[in-house]
Amino acid sequence: METREKIIIIGGGFAGLQLAKTLNNQNKKVIVLDKVNHHMFQPLFYQVACGRIEPSNISFPFRKIFQQSRNTQFRLTDVKEIIPSQNKVITDGADFTYDRLIIATGCKTNFFGNKDLESKAFGMKNTQEAIGIRNNILMTFERLILEKSRSDDGNWNLVIVGSGPTGVELAGAFSEMKKEILPRDYPYMNFNNLKIILVSSTEKPLAVMSPEAQQQSEKYLRELGVDFMSGEVVTDYDGDKVFLKSGKQIPSNNVIWAAGVIGNVVDGFPSEKLIRNRYIVDRFNKIKGYENIYAIGDIAYMETPKYPQGHPQVANVAINQAKNLGKNFLKKNVDEWAEYEYKDQGSLATIGKHRAVVDLPFIKFQGFLAWYFWMFLHLMLILSVRNKLAIFFNWMWSYFNKDSSLRLIISPSKKNNTQQ
């Protein structure tokens with residue numbers, strides 16, 4: 001009897017999940033390792049942070065995804081180290097051996113080595129962080145209504161650092177929340193004092209998009225009342241004040257860091273296998289110097305004639321690298337393997353109701369049509385029909401009522417708490 005090849009996939013993000021789905025019910029033994037038990041649809045984290053959708057609507061348990069699979073298993077565990085010489089993965093719960101290993105660990109928030117920022121500002125790369133942002137901001141207003149005074153200006157300044165898609169989408173969503181929702185929740189508070197401040201190191205928001213998208217997105221932000229601070233670099237944050245390179249200071253107790261990402265590297269590889277915290281791979285996503293270890297998605301650094309500095313760290317690259325690698329694994333002859341070639345399918349961002357920008361290879365457009373296009377595309381990318389319907393219902397309810405009922409403050413309980 002032929003022994004099935006054992007493939008270990010570390011990480012269940014866009015890349016890892018797509019590879020597992022490509023290999024699903026094939027003649028391979030596939031094991032997915034992840035430290036959380038669900039796949040997360042990261043592009044909509046900002047809507048969880050703003051209380052527009054439930055975390056469960058964009059989270060998909062791995063065991064549910066692979067419930068009907070004949071060859072794919074999931075293990076909830078945290079990977080600590082890889083030992084390539086022994087074909088072994090060390091985790092906090094068990095050791096795993098492999099015939100082929102695929103690293104798809106993605107990225108985490110890059111605080112550029114600043115420990116104060118890391119400990120005091122909010123990142124937004126997982127469900128827990130998105131819920132943490134929602135909790136903290138709602139708790140701020142609960143404290144303010146008890147104090148009945150503006151004793152701390154920092155409570156009234158919400159600072160978002162980074163003007164990429166995540167930053168502008170957060171700024172737009174919180175500005176709409178300030179205008180439409182918070183005054184009804186807290187009718188005796190003056191939300192004219194609340195400032196949404198977007199700090200950008202570039203002159204225009206969405207620097208990776210077209211000039212038309214940059215100009216229009218800045219216009220949308222200013223229409224929504226966002227204070228857009230261009231050409232400013234954050235150097236530090238002490239929990240009370242944001243310090244800028246220009247010497248300016250912004251009092252704030254709520255700072256969201258959306259200014260960059262860095263790869264989630266696993267121990268076990270020499271530094272020369274990495275560039276900017278990404279594994280150096282060939283055109284087949286094989287880590288250079290290893291015959292059976294691969295990296296895909298944000299963690300992979302692949303140089304091509306079109307992308308001599310590596311591919312952008314976006315979902316489209318991750319998904320299609322995984323598809324290509326999975327198809328290669330299913331071919332009998334290695335000589336038949338296809339090299340990966342990235343086809344840029346465009347980019348888009350939403351800055352609020354009827355405000356969005358879309359850059360496609362063949363057309364660029366903005367406004368309400370772009371907003372509908374953004375909604376339709378993201379809805380189609382959601383995995384399950386149930387979740388698509390839940391999100392669609394929440395969006396329609398919010399569209400017509402300018403409200404949502406998802407502003408729950410959910411904090412972990414302590415075992416030693418006593419009920420009163």
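Biologist: Gladly looking at it with you. At what angle do the axes of helix α1 and helix α8 cross?

Modeller: Keep in mind that this is a predicted model. In it, the axes of α1 (residues 14-22) and α8 (residues 315-329) come within 8 Å and cross at roughly 30°.

Biologist: Why is α1 called roughly parallel to α8?

Modeller: The label goes to angles under 35 degrees. The crossing is at roughly 30°, so α1 counts as roughly parallel to α8. The crossing of these two helices is also right-handed.

Biologist: Which residues of α1 meet α8?

Modeller: From α1 there are Phe 14, Ala 15, Gln 18, Leu 19 and Thr 22. Their counterparts in α8 include Ala 315, Ile 319, Lys 323 and Leu 325. By class, this contact has 8 nonpolar, 3 polar and 2 charged residues.

Biologist: On to the strands. What makes both faces of strand β9 count as covered?

Modeller: Arg 100 and Ile 102 lie on one side of β9 (residues 100-103), Leu 101 and Ile 103 on the other, and all are buried. Buried stands for under 20% relative accessible area, so with buried residues on either side, both faces are covered.

Biologist: How do you know that β9 pairs with strand β1, and what about β21?

Modeller: Pairing takes at least two bridges. Strand β1 (residues 5-10) is joined to β9 by 4 bridges, and β9 to β21 (residues 293-295) by 3, so each case meets the cut-off. Both pairings run parallel. As examples, Ile 9 has Ile 102 of β9 as its bridge partner, and Leu 101 stands opposite Ile 293 in β21.

Biologist: Why are β23 and β25 called edge strands?

Modeller: They belong to an open sheet of 3 strands in the order β23-β24-β25, with antiparallel pairing. Both β23 (347-352) and β25 (364-366) pair on one side only, and that makes them the edges. Neighbouring strands here are turned by 5° against each other on average, direction ignored.

Biologist: What shows that β24 and β25 pair?

Modeller: Strand β24 (residues 355-359) and β25 share 3 bridges in the antiparallel sense, and at least two are needed, so they pair. Val 358 has Phe 365 in β25 as its bridge partner.

Biologist: Which strands of this sheet does helix α9 touch?

Modeller: Helix α9 (residues 368-381) touches β23, β24 and β25, and its direction makes about 110° with that of β23.

Conventions:
Residues are numbered from 1 along each chain as its sequence is written. This is a predicted model: local features need pLDDT of at least 70, side-chain atom pairs count only at pLDDT 80 or more; totals for chains, interfaces and linings use all residues. Side-chain values use heavy atoms; hydrogens and water are left out. Axes are lines fitted to C-alpha atoms, for helices over the stretch in contact, and angles run from 0 to 180 degrees between N-to-C directions. Angles under 35 degrees count as roughly parallel, over 145 as roughly antiparallel, 65 to 115 as roughly perpendicular and the rest as oblique. A crossing is left-handed if the near helix is turned anticlockwise from the far one by less than a right angle, and right-handed if clockwise. Contact means heavy atoms within 4.5 Å. Ala, Val, Leu, Ile, Met, Phe, Trp, Tyr, Cys and Pro count as nonpolar, Asp, Glu, Lys and Arg as charged, and the others, Gly among them, as polar. Buried means under 20% relative accessible area, exposed over 50%, partly exposed in between (1.4 Å probe, protein chains only).
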